[in-house]
Amino acid sequence: MATEMSMSEKADELELKMSDELDVILTKSALANMEDGQLGAIGMGIHEQRKHPGKLFLIDDDPRLPKMPDKPTLLDFFEYRMRGANHLLQSATHALKAGMDEKIILACLIHDIANGLFIKSDHGYWGAQLVEPYVDEEVSWAIRAHQALRFFPDESVGYTYPVLYTSYFGADYEPDQYIKDAYERARKHKWYMTARLITVHDIYSFDPNAVVSIEPFVDIVGRHFRQPEEGLGWDNSPSSHMWRTIRRPTKYL
Ligand SMILES: [Fe+2]
Ligand SMILES: [Fe+2]
């Protein structure tokens, strides 16, 4: 006698629950739509609403996404909104094992946060802006600069042009002028080495058997990331709106 629900029953129940919950009209932002090669936001306006009699537009959390705590922390965003945290954990673990300063370890842990939960294009810039109100200026500066520094070797620390970039972008790829300019500026900056160390620990090859976890970094985050009491998004910082949008990407307005 099977007292527990089978996997397929569980899936059916979930689907049923989802369709109930999805008794709202979802819209898609212009940016998300552009990522599909189309212009403009979609699914908006009274005409769209008429296609779904009795339904209202979503103006809250998206029921399809994991439910977030009311007052989310950075680590909640890792848990409930991120895909690809493994690369960040590997980088931070690499930095930890190399005996790096905690500030560098934190920078490694969040250097690609934009890729994991927000926007990929110009990710270093978006990621820096996202965390800027909560970290030491040196950390956000370094996250911004790693975007450009990744393309330029520095033999003094054994950093070479990533082999993967050659296979990703071709052997003839040349970074845009603004990236070259950003590199030149960063090279002369007092925090150059902080950003450079992100690139040193920004590894794509890692022991596949290594077990990485957020655990060793919880205290470091606690010491170096100024978690707002109200929760990220509700704290009226210059990037709060970005955290809110990550929480509620399909909110109508
Ligand atoms: Fe990156
Ligand atoms: Fe990275």
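# Briefing: a predicted chain of helices

The mean pLDDT of this predicted chain is 91, and 90% of its residues reach 70 or more; pLDDT is the predictor's confidence in each residue, from 0 to 100. Over residues 11–20 the pLDDT is below 50, and beyond near neighbours in sequence this stretch has 1 contact in the model, a contact being two residues whose C-beta atoms, placed from the backbone, lie within 7 Å. Where pLDDT is low, the predicted coordinates should not be read in detail.

Two notes on reading the model: residues are numbered from 1 along each chain as its sequence is written, while chains are lettered from A and ligands numbered from 1 in the order in which they are written. As this is a predicted model, local features need pLDDT of at least 70 and side-chain atom pairs count only at pLDDT 80 or more, whereas totals for chains, interfaces and linings use all residues.

**The chain as a whole**

- The secondary structure comes to 14 helices and 2 strands, which are DSSP runs numbered from the N terminus (helices H or I, at least four residues; strands E, at least two).
- Along the principal axes, the C-alpha atoms fill a box of roughly 65 × 50 × 40 Å.
- Of the 253 residues in the chain, 27% are buried; buried stands for 20 or more other C-beta atoms within 10 Å of the residue's own, exposed for 12 or fewer, and partly exposed for in between, with C-beta atoms placed from the backbone.
- Taking contacts between residues at least 6 apart in sequence, 68% join residues at least 24 apart.

**Helix α6 and its neighbours**

- Helix α6 spans residues 102–110 and is mostly covered, with 7 of its 9 residues buried.
- Those buried residues are Ile 104, Ile 105, Leu 106, Ala 107, Cys 108, Leu 109 and Ile 110.
- They pack against α5 (85–97), α7 (113–117), α8 (123–131), α9 (137–149), α12 and α13 (218–224).
- In α8, the buried residues are Gly 124, Trp 126, Gly 127, Ala 128, Leu 130 and Val 131, and they pack against α6, α7, α9 and α14 (240–247).

**Where α6 meets α12**

- The two helices pack at an angle of about 55°, with their axes 9 Å apart; axes are lines fitted to C-alpha atoms, for helices over the stretch in contact, and angles run from 0 to 180 degrees between N-to-C directions.
- That angle makes α6 oblique to α12, since angles under 35 degrees count as roughly parallel, over 145 as roughly antiparallel, 65 to 115 as roughly perpendicular and the rest as oblique.
- From α6, the contact uses Ile 104, Ala 107 and Cys 108, and from α12 it uses Thr 194, Leu 197, Ile 198 and His 201.

**Arg 196, a residue of α12**

- Arg 196 lies in helix α12 (residues 192–201) and counts as buried because it has 20 C-beta neighbours inside 10 Å.
- Leaving out residues up to four places away in sequence, Arg 196 touches Leu 149, Asp 154, Val 157 and Tyr 159.
- Met 82 is 114 residues from Arg 196 in sequence, and their C-alpha atoms are 25 Å apart in space.

**Two loop residues with positive phi**

- Asp 122, in the loop between α7 and α8, has a positive phi of about 60° although it is not a glycine.
- With 14 other C-beta atoms within 10 Å, Asp 122 is partly exposed.
- Asn 236, in the loop between α13 and α14, is also not a glycine and has a positive phi near 60°.
- Asn 236 is exposed, with 10 other C-beta atoms within 10 Å.
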